[in-house]
Amino acid sequence: MRNTHVAYAALTVAALAGAWLLCVSLPSWYGPEPTALTTFEDEVAVTVDQPDTSPSVTATLFYVSEDGMRLVGVEREIPAGKTTTEQARRIAEWQLSSAPSPLASAVPDGTTLRAIFVTPQGDAFVDLSREVSMGHPGGSLEELFTVYAIVNALTMNVPDITAVQILVEGREVDTLAGHVDLRHPLGRNLEWVQ
């Protein structure tokens, strides 16, 4: 019986020594785990300890002017896509993100890109979440700005895209807010751009 207690005590001591070795001693041999610092520039996270070497492109995106009467083209650096569809997706996502101050976004808050498809004929189909129409303030000028901010951003920055059709929740729609006909792809229109 005494030998059994001694064996249990020895086993307990060995287990504690092993746990101490794994939890305390071994990590100190390798030093502290490095942490990556993150900074935020134009709402995009960039890791400081590893320089960003991914290619980027300068794209013209469109936002509503301070007086609310026209679109303003703004050049922004965005990550480059490897394919036409990937580049179109990045352009659309950046166009849907917040506008640089003091400009305003032409797209209602909360609108997200669900999918994008580019045909060999140069038509892009941009599927947006329901917020693009449900959160739309209405008004013909506001609707023109929403539609042509997206259409112009894609047709100006992706050479293979000549026209854009906006879909909502995977379906074709007549309009977003009752004014602009969205039943077919629309080409670039700079009439409302400063």
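Start with D181 and R183: their side chains meet in a salt bridge, 2.9 Å from N to O. The model is predicted, and every distance here is computed from its atoms. The two partners fall into separate accessibility classes. D181 has a relative accessible area of 28%, so it is partly exposed. R183 stands at 53% relative accessibility and therefore counts as exposed. The cut-off for exposed is over 50%.

Salt bridges also build a network. Bridges with shared partners join R114, D127, R130 and E169 into one. Take one link of that network, R114 with E169. Their side chains meet in a salt bridge at 3.6 Å, N to O. This pair links distant parts of the chain, 55 residues apart. R114 sits in strand β5, residues 113–118. E169 lies in the loop between β7 (163–168) and β8 (171–172). How accessible are the two ends? R114 has 41% relative accessibility, so it counts as partly exposed. E169 has 24%, and it also counts as partly exposed. Buried would require under 20%.

Next comes D67 with R70. Their side chains form a salt bridge of 2.7 Å, again N to O. D67 reaches 46% relative accessibility and counts as partly exposed. R70, at 29%, counts as partly exposed too.

How many salt bridges does the structure hold? The total is seven. Among them are D181 with R183, R114 with E169, and D67 with R70.

Definitions and conventions: Residues numbered from 1 in each chain as written. Predicted model: local features only at pLDDT ≥ 70, side-chain atom pairs only at ≥ 80, totals over all residues. Heavy atoms only, no water. Salt bridge = Lys/Arg side-chain N within 4 Å of Asp/Glu carboxyl O. Buried < 20%, exposed > 50% of the residue type's maximum accessible area, 1.4 Å probe, protein only. Helix = DSSP H or I, 4+ residues; strand = E, 2+ residues; numbered from the N terminus.
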